[in-house]
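Visitor: I am new to this structure and should like to understand the terms used to describe it. May I put some questions to you as we look?

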Amino acid sequence: MRPVEVRERIGGISSKVLTETLRRLHFNGLVDRHAHPGAPPRVEYRLTALDRTLPAPVGAVGARAFDHGDEVMAAREAACRSPRSPVLLLVGRVNGAGVDVAGG
């Protein structure tokens, strides 16, 4: 599959990020890269046998995230309301230094 086809199927990813990701996947043996000779240059990527084993565990992680997403968001919101929240401590420090992070 050509990178432009991958980008169209994924959506919401820049060419730069896609290229970096495909290079890492190739480096780690998860995709094969085939450069075709000629002009303009053309590259295709294919899943390796190693990468074909990933859909089941990745799907399980995705399903778990979907099933427990509300709980994760509730925990984040509770942590942000805590007086010891790293987010509130950072905002307090920035505001204490005279910088308004809210833009007001």
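Visitor: Why is Thr48 called buried?

Guide: Its relative accessible area is 11%. Buried means under 20%, and therefore Thr48 qualifies. Thr48 sits in the loop between strand E2 (42–47) and helix H3 (55–81). Leaving aside neighbours within four places in sequence, Thr48 is in contact with Gly29, Leu30, Val31 and Asp32.

Visitor: How do you know that the span of helix H2 is close to what is expected?

Guide: H2 has 13 residues, and 18 Å separate its first C-alpha from its last. The expectation, at 1.5 Å a residue, is also 18 Å.

Visitor: Which residues make up the largest nonpolar core?

Guide: That core has six residues: Val6, Leu18, Leu22, Val31, Val43 and Tyr45. H2 and E2 each contribute at least two of its residues. As for Leu22, leaving aside neighbours within four places in sequence, its contacts are Pro3, Val31 and Tyr45. In soluble globular proteins, nonpolar side chains tend to be buried together.

Visitor: How many helices and strands does the chain have, and what pattern do they follow?

Guide: The chain has four helices and two strands, arranged along the sequence as α-α-β-β-α-α. Of its 104 residues, 11% count as buried.

Visitor: Where is the confidence of the prediction lowest, and where is it highest?

Guide: Helix H4 (residues 86–96) has the lowest mean pLDDT, 52, whereas strand E1 (residues 31–36) has the highest, 91. Over residues 97–104 the pLDDT is below 50, and this stretch has five contacts beyond near neighbours in sequence. Where pLDDT is low, the predicted coordinates should not be read in detail. For the chain, the average pLDDT is 78, and 79% of the residues score at least 70.

Definitions and conventions:
Residues are numbered from 1 along each chain as its sequence is written. This is a predicted model: local features need pLDDT of at least 70, side-chain atom pairs count only at pLDDT 80 or more; totals for chains, interfaces and linings use all residues. Side-chain values use heavy atoms; hydrogens and water are left out. pLDDT is the predictor's confidence in each residue, from 0 to 100. Contact means heavy atoms within 4.5 Å. Buried means under 20% relative accessible area, exposed over 50%, partly exposed in between (1.4 Å probe, protein chains only). The expected span of a helix is 1.5 Å times one less than its number of residues. A nonpolar core is a set of buried Ala, Val, Leu, Ile, Met, Phe, Trp, Tyr and Cys residues joined through side-chain atoms within 4.5 Å.
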